[in-house]
Amino acid sequence: MAKYVAAIDQGTTSTRCMIFNHAGEPVGVHQMEHEQIYPKPGWVEHDPMEIWARTQDVIKEALRKAGSTAADIAAVGVTNQRETTVVWNKKTGKPYYNAIVWQDTRTDKICNALAADGGQDRFRSHVGLPLATYFSGPKIRWILDNVDGVREAAARGEAIFGNIDTWVIWNLTGGVNGGAHVTDVSNASRTMLMNLYTLDWDAEIAATMGVPVNMLPAVRSSSEVYGYTTENGAFGGRIPVSGDLGDQQAATVGQACFSPGEAKNTYGTGCFMLMNTGTEVVPSNSGLLTTLCYKFGDEPAVYALEGSIAITGALVQWLRDNLKLIDSSRDVETLAQTVEDNGGIYFVPAFSGLFAPYWRSDARGAIVGMTRYVNRGHFARATLEATAYQTREVLDAMNQDSGVALTALKVDGGMVHNNLLMQFQADVLGVPVIRPKVAETTALGAAYAAGLAVGFWKNTDEMRDNWGMDKTWQPDANSHASSELYGHWKKAVTRTFDWV
């Protein structure tokens, strides 16, 4: 009798496999980082073959830690870094080029050329997204235009595209031996090629962007059986692969945000706030994205408003790896606590331009307010504060678009164990910040989608019952974070515009 569901969480910096029981509790987990490749300024790549190798490794080790075998696993769900683009040969299984990561900005000329006729919002009414380097469609176009032989291979039906969910599912379900070439609505909605209303590829937009539709995976719901793992694969048995959600949508499901108006914020490499808007498409007038939240089987699709921030946790890693100010990411809180405030400096991490609510690809990172008084501790503090300020900007936009003022914010992801950051976040927002007992809700959401498809969980009520509060941070009434300090931040952001 299967007693667990497995989730593969393929993120920007690492891959993990988590095994969950029916109560939504992790019973086995293993995680491994992969290489970040920076060929040129603004370019970010991953090796898809390394990601697939890491995926197999973490599956085996998570199963070992859980003391389980394939017979114990009811289903497998996949969640992934969205927009990261892979094009590979379906006969050989080999990528034509490295995966172009969502943070990569090389497609700015393609986006500008497309925006010359109709502006940055040229396709927004159909796809919910502005023309930006963030999304997959222009990345596919770049590979077709710049890698020898790929466009010809696409015409022959050999070159196929997928975001990382598609790449992992294709390999899990057999790869060159009949692997399922599929994606779900949440990932498809991040390509700039899927129509929000038809939930299928928009042939006219694809043609305008120069992307052959025959390269694209079949668009499916987020919770259904796509195929089965292979006997000789890492799971060592035939298990339904039946859940697929982009990482931020998966976290929304893992946080049990199943009612319109419920929202969560995930603190990872970037920061991503999603608000469930129900079964109606809600256009944004405030710089947010209209995106698919999830679609469970034959039920109606559920939409969301999203505020995407490119650099948050990645800024802590930058302090660690590039400046060597800390030895590990955990050390940033200790260093920040050596000072009482930010020393007057503000760090705007526009390394890949600015995402929501600005969408300025011409922006670049800036540290402003520097004096000789500033030390390492102020750098650490300003780094953490940047995450909280960016989240406030997104929340303001979300309140404006939805007409609903959030009364509390559910949070998850690696940075929510940083108490200094979470308290400052509550102070900047002026509302309570709530962390659940299972903070790694991205993997949990993928598990829920997979388990729902095979009856392991019967409905969303069972998932909601699993949610439990771990800690709440209340805003400090005496803090100036939401007024004076936030005003300085808004001024600092303007200094990053028009740099490129």
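Q: Leaving aside neighbours within four places in sequence, which residues is Glu-333 in contact with?
A: This is a predicted model. Beyond its neighbours within four places in sequence, Glu-333 is in contact with Leu-384, His-417, Asn-418, Asn-419 and Leu-420. Glu-333 itself sits in helix α11, which covers residues 331–336.

Q: Is Glu-333 buried or exposed?
A: Glu-333 is buried, and it has no salt bridge. A salt bridge here would need a distance within 4 Å, whereas the nearest side chain of opposite charge, that of Lys-471, is 8.2 Å away.

Q: Which backbone nitrogen lies 3.0 Å from a polar atom of the Glu-333 side chain?
A: That nitrogen belongs to Leu-420.

Q: In what order do the seven strands of the open sheet run?
A: Strands of a sheet pair through backbone hydrogen bonds, in either a parallel or an antiparallel way. In this model the order is β17-β18-β16-β15-β21-β22-β23, and the pairing is mixed. The edges are β17 (289–294) and β23 (469–473); each has a single partner strand, so one side of each is left without a neighbour in the sheet. From one strand to the next, the twist averages 30°.

Q: In which sense do β21 and β22 pair?
A: Strand β21 (residues 409–412) and strand β22 (residues 433–436) pair in the parallel sense, over two bridges. Leu-409 stands opposite Val-433 of β22.

Q: Which strands does helix α13 touch?
A: Helix α13, residues 419–429, packs on the sheet and touches β15 (263–267), β21, β22 and β23. The direction of α13 makes about 60° with that of β23.

Q: Where is the cis peptide bond with an omega of about -5°?
A: The cis bond joins Ala-356 and Pro-357. Pro-357 lies in the loop between β19 (346–348) and β20 (366–368).

Q: What phi does Glu-83 have, although it is not a glycine?
A: The phi of Glu-83 is positive, about 70°. Glu-83 is placed in the loop between β5 (73–80) and β6 (85–89). Its relative accessibility is 1%, so Glu-83 counts as buried, the cut-off being under 20%.

Q: Where is Met-192 placed?
A: Met-192 is in the loop between α7 (185–188) and β10 (194–195). Met-192 is not a glycine, yet its phi is positive, about 75°. With a relative accessible area of 1%, Met-192 is buried.

Note on methods:
Residues numbered from 1 in each chain as written. Predicted model: local features only at pLDDT ≥ 70, side-chain atom pairs only at ≥ 80, totals over all residues. Heavy atoms only, no water. Helix = DSSP H or I, 4+ residues; strand = E, 2+ residues; numbered from the N terminus. Buried < 20%, exposed > 50% of the residue type's maximum accessible area, 1.4 Å probe, protein only. Lys, Arg positive; Asp, Glu negative; His and termini not counted. Polar contact = N/O pair within 3.5 Å; in protein donor to acceptor, adjacent residues only side chain to side chain. Contact = heavy atoms within 4.5 Å. Pairing = 2+ DSSP bridges. Axes fitted to C-alpha atoms, helices over the stretch in contact; angles between N-to-C directions.
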